[in-house]
Each structure stands twice: as structure tokens, then as C-alpha cells.
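Thanks for coming, everyone. Let me put the structure up, and then I'll walk through it.

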Amino acid sequence: MRSEREFPSAGGAGAGQGVGARLPRKEDDRLMRGRGQFVADIRLAGLQDVAFVRSPLAHALIRGIHVPERFRGSVFTAADLAGVNPIRAVSGLPGFKISEQPVLATGKVRQVGELVAMCLAPTRAEAEDIAAAVMLDLEELPAVHDMRRAREPGSALVHEHWGDNVFLETNFEVDISGALDAPIKVSREISTARQCMSPLEGRGVVATFDHRLDQLTLYSSAQMPHITRSGLAECLGMEQGRIRIVSPDVGGGFGHKGILLPEEVCLSWLTMRRGHPVRWTEDRREHLIASSNCREHHYRITVYADRDGRLRGIDCEATVDSGAYSSYPFSACLEAAQVASILPGPYLMPAYRCRTFSVATNKCPILPYRGVARTGVCFALELMLDLVAAEAGLEPGEVRLRNLVQPEQMPFDNITNKHFDSGDYPEAMRRALAAIDVEGVRERQRKGEADGRRIGVGVSIYCEQAAHGTSVYSGWGIPMVPGHEQASARLTPDGGLELRVGVHSHGQGMETTLAQVAHEMLGVDVAKVRIILGDTAMTPYSTGTWGSRSMVMAGGAVATACRELGERARRIGAKLLQHDPAAVVLQNGEVRGVNGSVTLKEIAHTWYRRPQDLPADVDPGGLEVTAGYKPQRDTGTFSYAAHAAIVAVDPDLGEVEILDYVIVEDGGVLVNPMVVDGQIYGGLAQGIGTALYEEMPFDAAGQPLATTLADYLLPGPTEVPTPRLDHMETPSPYTQFGVKGIGEGGAIAPPAAIANAVNDALRPLGVELMQSPITPYRVVEAVLAARDAERPAA
Amino acid sequence: MKPAPFGYECPRDLQAALAVLGEAKASAKIIAGGQSLGPMLNLRLVEPQLIVDISGLAELKQVERRGDELVLGACVTHADIEDGRIPDVTRGAMQRVAGNIAYRAVRNRGTVGGSLSHADPAADWVSALSALGARLTLRSLSGARMVTMEDFIVGALESALRDGEMVETIHVPAMPASAHWGYAKSCRKTGEFAHAIGAILIDPSAATARVVIGAIESAPIVITSAAELFGGRIAGDYKGRFDARVADVLLAKAGVSNAAHRHIHVNVLKRAVSEAAA
């Protein structure tokens, strides 16, 4: 659907590197040879390591912190951090209750793993020895470990002065009364487990102070360095100019690296206090226990439909376990409140009601993880649609086709006023149904399996709003609202191109894809384009990389800056060619006129080295441009995909094997389809984790139970099948090149598709699983329960 | 996740190792492949004052066939067995078990003796060698003693090893040509510890069987008088006679109170029986 004519022509014959090219990633040469530089690779003279004393209890009063005499001077507590402000992430939504997260605990601890004291030593092992010697005198309080019980009167309170445990309640309704007499009414409770985001690289911080610049430099494995700087400055009471955040190579973010960490504040304070660099590297145990979780949702949901499967309305009460504190900058309410606005997804319905609760518990904060609330929402709604299909006697795919927004309705405002920019959702679903061969599965199910397993097929579809702009985020009233995105482009004296962007790349391949955008605009060889990111001193302000925004926003900004740069070069080139500027064009890295051509390299040489040859009216800004960009509409791009899975379930052992997996994806115009494929594979792996493996359970005392990777299971290569991908390409009418954000989608739909397939396989046994992950134990438990239910009472 | 400080000794031979262990005044731990002890040290789940490294001891890597049994040194690795570098007296049974232990990286370093000494109920050798009827030689400065697998594994992470004592050799009886072997396990994912193991060595012609239900939260259930599991007699039709209810009762008696867990264990054992009969 993409038309080459819509694109600038500067790429010309070099278009093999421009938008749409399947270019190998430039950064992989460094990363795959072990030459990446991550925070833990940084070596600074005089560097010392920090280990933290963390709370062993979920909820307790701190009666005392006893530091052995020999370690005095190496241990720091809240009492030492006078003048350091707690982390406050406030939402402007009415009724939001504010939590203050002290960077080192004061008075009481509210989660296992909360920082209580900071221990400094020449090595991490010695720092851990000190931490082990510090004794905490804690008076245990009843823990708030269950988000639903937390709302009941009489519950223990995480923040006493609130009077309850609810960060925020929201209500949304488009008159539900007309749906109540629908002939099909299905009600269920559905839940998704708490998860850990588990990037390959954990968080890490190196802090040092530069007296010449009078500047704190914080190296941090962070995906939003400019936001980290603002938050850090607020906590430390410092001018933002006195802080530089450098985020070097980052081994996966997924949201975990979006928040301001108390550790970042602590180490910043410590290096200024001690006068030497300090380091903290998150280990896997800290990641699992202490830092942040995601995904814990509960839905009480009723779906109303007509006999033909058409939706009449949805009524839902959703609860999200937000943990003890509101994290900076996304706040404790983003996840739950988002549920209300995105639950209807790409479906048509005349009535809708949703009430949400963001609940405080004695667990670590919940953060938006790849897909944010969409994974839970998709799970809840798509499981319910399969039940509607069963009630209506229809194939699940057919129920979707009867309710999806139609292409001729685009652009489309759905029942929660989400503005869908473009797309053909039914076509994606039809292609997925055809590719997975539902009829073939039904035939196979009739025959049965020789090995006694049962097979099932499941589908799911979602929309992924990406690159949310000012109009979307200003309403949240949180510490961060994206505005115009900026990029700087500079031709170097030898004709190379430097691009500076404030977003970050932690697996997305932006050193390649942004270079492709620049190539598309200027024709500069991708190999000669350097992308500079991850450093507040070197890049324009940006809210950073989150919400699948970088290619839309930074890509648009790079294109805008390159366009302006190209225009300036063209005017210089016209002078060198002794042409009227109107008679020359920039094409394939050259300015061309009827007399001949001059390369960007020659133009750059003239600007920097032979200014005497420049036209008198040359733009004095030269060959360096900072330009800003916003899409024509900033309500976000809507990419989407239909997923379809075939599974085999062993009802005796509870094991689930994915036999086939199909994804039909539409992310608008793809800058680099190979990078997009990689994003989808990675997202699928995480989605399979949500569906079948990943779970951080807590006991009634608020203790996290999966404290090592032997207990917290992540899918590995043998658990992730190679999906069959099919791409559609409906450009966004609002963005540069028609691109859409696609970073998260792979992780959204798999739990729903896989759960639907498992339920399809086990439905003849009377089994229904409404909870993720679907573990062998849960399958067997459900099979036995169904068997008991069938047996006549004795 | 860094270990607490510990002393480290790397003795040159077995006698020296036993001497270090026997004379140690402090708490000591033996390290061989380190695949369990390494993480436990890092997590500070154990904080020994002394680590005695036996991974270089040639005596513990020897393998020989003595009459009707194979004698394996404790430091033989899972990969040694997987790759067929040791004589096969079990008609491939041990090789197949070895090849499915954890991941190749673990198999390269992990040792049979180390795995048994750690006595994790979910470890493959704990169940497989119990079913194969293996015995162990345990040696200390004061001499050697021989114990059966059943006597060696006392409980979860509990063995019969005394202070100053180590596993020296593992004695695996040669499998008769008339015997059938079945081994099955269920793991959440490839390479993870099993949450259910079933193992069976059955000889219908001799009407004998050793049956093991493993990966429970205590020592594996080792059934040496197994006729009851097969309707009262062990014969060629044992597969059809397998009585899941008997296995279920054994599990309940062993303290497995959850019906779904018992169901999984019983069905894994059933798979092992089917494999033996195939």
C-alpha cells in the first residue's frame, strides 16, 4: 500500500538503504563481538562499590539500625541523607493519593527489598559483607499482600494517612443500561500474574562528580535519561544543569529502565559526599525481589452480546496491584486507569462501563512493561470473546470478524474516544485464520491425537496505541508530558552526518533505523551516519524511549532536521554550481543542476574549510540543524496484529506445547522490516512468558517467592517457536513516512491467543482457565476439578 | 550476590583432600563441578569457612568395570556419560539420563558425585541411580564404607555423609538383558529441575522391579517390592497391570497432600512404565 512517490527523492539510487530496507543492524558489529559498553563495564579511578541493606520484611516499623563499630563510616542511612527529598510521582487525575518514597527508608518499610542502608567498600563482595553485618530491628506489621482484600474495610494500610489503600479509582461509562437485556451475558473473573521484566542487563549506576564542570555525572542503565535528570534534580535539590546523565549501551529496557531509582539518588548523594566515584550494579536477586514488577491485574467482567455474537456492551471492574509506591514519572495509576480507556480495543459496541482501582500493597512498585496494560486487557477481553463465541455457537474468529472496526470506518473514534488512524483489522484476522487453518485443526480434533494430548486453536487481536502525544498525556498530569520531539543533524567537515536524539536505543536498533531515515532524506551512506543518544549533555531534551514512540517521534524529528539541513546544503550547492537555487535538487547525496553536481562532502568542505566560497546570503546556521517534530495529530498511531496459535495440551501432566504460531501485523510503513521482525520475535517470547511461565507469587506476609531464576521461569529458545509472520502495511495518515510504533505489540497478544488455544483444547473436558500463567499445575488442577464436577455426587 | 569470605584448598590427591577435610576445624564444603554450590555460595545460602576443591583429583575421575558392576569416580561429569566416554553397563539408560540433565553447560562441569552429595530430590541421578540399584563408596580419613542409594539419600538436600567424608565411587550394577528400563520426568521447561520423576527397572522374567517416584519434597520413594503396583505380580503384561491408585496412595503416605501434584507424579511414573514396556 505504500507509494514510493510519497517519499522525498533525496535517497534516489541509494534507496537500498532508506526507509523500507532490510538493513543489518549497524550496532550489532559492536554488540555481537562483546564490544558494547554497559554501565558495569565502566572503570573509573577510585571507584568503590555499593551494596544495600534491604528490608527482609514487607511491612514493618524500623526500631533501629545497628551498624557494627568497625563499619561506621561505610554505612549510610536515611539520617545521613538530610536534605534529600523523597521520590514523588503525582498524577493530576482527581482523587489520586500521593505516596512519598524515601530513597532510604524512614520510619517504616513498605516492601521486601526496600532500601534501608547503603554500604560502601572497595568491592561489591566486601560491601555485601558489610551489609550482612548490619542488623535491623524491625517490628513487623500485617502485610497488604492481596490487592482485592486491600480494598476491604479493616485492611492494614500501606500509607496510614490515606485511610484506605487506593491510589486512584476511575469510572468511565457510556450508558450500559441498553445492554442489560442482551440474550448472551457472560461473566467471569480473570487475572494475570505479577511479573518481573527481566532484561538481560539489570539496572546499574555509576556516579561521579566533575569539579571542573561543577557537575554530577550519573551513568545509569536508563531508557529516559532526560527524565531521570529532572527527577534526580528534584530529589537532590540541584539545578538540572549541574547534572549529566549518561546512559551507555543498555541491554533491554521494557519499562524497567524508565523509572527514577532510589539507588540513583543514593549514589548521586554518596559520590558528592565522598568525593570519589561509586557504583551499584543490580544483581538478579535484587531485580526479582526488590526493584519493580508488572502486569498484576484482576478483572471482574461481563460481556453482553446478541445471539449472532454481536457485542451489546461490556461491564468491567478492573483492579491493578500498584505496589507500595508511585514510581517516577509514570505514577501508580497509569496502568489501571489505562485499562478503562483501552479495554474495548478495536471492537464496536454501543455500551461500556469500566471502573478501575489502582491499589497500594506491600510489594514493589508496578511499572508499565512492554504492552503496558494492553497485555492484561487483551487477555481479559479475548478470553471473554471466546466464551461469547461458545454461547453463540460460532467460531471464535467469526465473532471477531462481526465486531471489529471496519476499514471504511477509518479514521475511527471508538467508544472511549480513542482515535484509530488507519488499518484493516478484519483483514488481519482473516489472514491469521487462513494461515493457521482453523478448519484443519477442527478436522484433527475430530480424529484425536495418537499420544493422548488434545490440540486447540486460539486467536487474539489488539490495537497498540503508540507515540502518545501531548493531548494524550497532558490529561494524566504526571511529571512527564511529551511535546515536540527534537533531533540535531550536523554534516561533518568530511561529509559525514551526526545525529543527536534524546530517545535511547536498548535493543530497538535505532542506530540503524534512524540512519536509514537520514539516508532517505539526504542520501548519505548509512555507514557514514553516526547516531548519538543516551547522554543529556549531547542530545536534545526528550521524554525518551517508551510507549513505542521513538521511530514515530525521533524518526520524524530526524527527517525534519535532515530536510532543513538538505535545504541549506542545496542552497550552498546552487552557489557552487552557479545556479539559481530553484534549478537544483538534492538527490542521492548530491546537489544536481544542468551544469553538473556537487556532493554533500564538497558542500561541507566549503562551509567549514572554504567559507570564502559561500553565497553571501548563506544561512548562518550552517550545516547544523536542530528541528522539532510532532505528527499532524498527536493522539498516537494505532498498529495492530492478529495472533493465532495451535497448542497441544497434555491433560495428565498439564504440559502445553505450542505447535504453530501465526502473526499478521500491520505497523504502517516499516523503516526496517527486519528490525520489526526482531521486535515481534522478542515480544512474542515475552508474551509466551506471560502466558505459560512467568510469575512472581507472594505469601501472606508479603514475601516474594520466586527469588532466583530457578523459581522465576523465563522462556528460553526451546520454549519459543519460530512464528510465521505476515505483514500488512497501512500507512498512518498523520506521521512522517506513514510509520507507526510497533515496539510492544509482540508482547500483547500471545497470552490471549495461547490461553484461548488451551481452553479450546480442553473445552470438551469442561475445563476453563482464566488466569495467567497457565502452568502444568493449574491445568491438572482444572482437569481434576472438572472431572470431580462431572462425577455424580456420592 | 557475592559469597561471604571463605578459605580455599586445592589438595593434590585424594588422601590430601581427606586430610584437609578431616583436620578442618572450620565448617568445610567440597566443591567439584560447583553447579549447585556456586549459586548457593553467591546467594549466601551456605557460608562455609573452607572450600575444598576436588575437581582436579585424577583418582575421582577413574572408571572401571569390576565384575558385574561399573565403578565410577565421583568426579565423572554428566557430559562424560552423555558423550559415551565411560563403558555402558545399563544398555544406554545412564547415557539417556545424563543427556537430559539441565543444560549442556551444566553437564560439562557437573559431576555425578556432586549431584548425589547435594541430594536435591529433583536431581536426575538421585532417582535414576536409586532405580538402577547403585551403591556408593564413602571415604574419610578413618576408612571407607559402602551404602545403598536408599540409605544414602536421607531427605531433601540431606545425605548420609558424615563430617570429613566424601563420595568416592558410584557402583552401578550391569543391567541384565532381560530387564526393561523406563525413565520419565516433567519439567516446566527444557533444562529446569523436574517437578516429577518416574524411574523403573523391571525384569519380568525374574519377577523383580525397582520403582522410583522422585522429585518430591523429600527423599525419593523407592519401591523394591513392587508387585502391588502391578496388581500383585510382576510379569510381561506389567504395563497393562500398572495400578495408578497404588502409586497415589504411596505418594499420599509420603506426604504429598496435593491431589494435582500426586496426579502429575503418578502419570509421570506411568510414562516411565510405558517406556519400559515399549
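Start at Pro411(A), which is found in the loop between H8 and strand S16 (412–413) of chain A. Helices here are DSSP runs of H or I with at least four residues, strands are E runs with at least two, and both are numbered from the N terminus. Before going on, the ground rules: this is a predicted model, where local features need pLDDT of at least 70, side-chain atom pairs count only at pLDDT 80 or more, and totals for chains, interfaces and linings use all residues. Residues are numbered from 1 along each chain as its sequence is written, with chains lettered from A and ligands numbered from 1 in the order in which they are written.

Back to that proline. Met410(A) and Pro411(A) are joined by a cis peptide bond, with omega about -15 degrees. There is another cis bond from Ser772(A) to Pro773(A), with omega near -5 degrees. Pro773(A) lies in the loop between strand S29 (771–772) and H17 of chain A.

Now phi. Most residues other than glycine have a negative phi, and most peptide bonds are trans. Phe737(A) is not a glycine, yet its phi is positive, about 65 degrees. Find Phe737(A) in the loop between strand S28 (724–728) and H16 of chain A. Is Phe737(A) buried or exposed? Phe737(A) counts as buried, because it has 25 C-beta neighbours inside 10 Å. The cut-offs: buried takes 20 or more other C-beta atoms within 10 Å of the residue's own, exposed is 12 or fewer, partly exposed is in between, and C-beta atoms are placed from the backbone.

Over in chain B, Ala102(B) has a positive phi too, near 45 degrees. Ala102(B) sits in the loop between helix H4 (93–99) and helix H5 (104–109) of chain B. Ala102(B) is partly exposed, with 18 other C-beta atoms within 10 Å.

**Core and helix packing**

Next, the largest nonpolar core, which has 329 residues. A nonpolar core means buried Ala, Val, Leu, Ile, Met, Phe, Trp, Tyr and Cys residues joined through C-beta atoms within 7 Å. Which members touch the most others? Val50(A), Cys119(A), Ala518(A), Val558(A) and Val758(A). Helix H13 (residues 550–576) of chain A gives this core its largest share, 14 residues.

Look at Val558(A). Leaving out residues up to four places away in sequence, Val558(A) touches Ala487(A), Ala489(A), Leu499(A), Val501(A), Leu514(A), Val517(A) and Ala518(A). Contact means C-beta atoms, placed from the backbone, within 7 Å.

Helix H12 (residues 510–522) of chain A packs on H13(A) at about 35 degrees, with the axes 9 Å apart. Axes are lines fitted to C-alpha atoms, for helices over the stretch in contact, and angles run from 0 to 180 degrees between N-to-C directions. The residues of this contact divide into 12 nonpolar, four polar and one charged. Nonpolar covers Ala, Val, Leu, Ile, Met, Phe, Trp, Tyr, Cys and Pro; charged covers Asp, Glu, Lys and Arg; the others, Gly among them, are polar.

H8(A), residues 396–403, is mostly covered: six of its eight residues are buried. Those are Pro396(A), Gly397(A), Val399(A), Arg400(A), Arg402(A) and Asn403(A). The cover includes helix H7 (374–392), helix H9 (425–436) and strand S18 (454–466) of chain A.

**Sheets**

On to an open sheet of four strands, order S18-S26-S27-S28 (chain A), with mixed pairing. Strands pair if DSSP finds at least two bridges between them. S18 and S28 of chain A are at the edges with a single partner strand each, so one side of each has no neighbour in the sheet. S18(A) and strand S26 (residues 637–649) of chain A run antiparallel, joined by 13 bridges. Cys463(A) stands opposite Tyr640(A) in S26(A). H9(A) lies across S18, S26, strand S27 (656–666) and S28 of chain A, at about 20 degrees to S26(A).

A further open sheet has three strands in the order S4-S2-S6 (chain A), with antiparallel pairing. Strand S2 (residues 60–66) of chain A pairs with S4(A) over two bridges. Leu61(A) has Lys108(A) as its bridge partner in S4(A).

**Between the chains**

Last, the interface. 25 residues of chain A are in contact with 17 residues of chain B. On the chain A side, helix H2 (124–133), helix H5 (284–291) and helix H17 (776–790) each give two or more residues. That side divides into 11 nonpolar, four polar and 10 charged residues.

Key. Contact = placed C-beta atoms within 7 Å.
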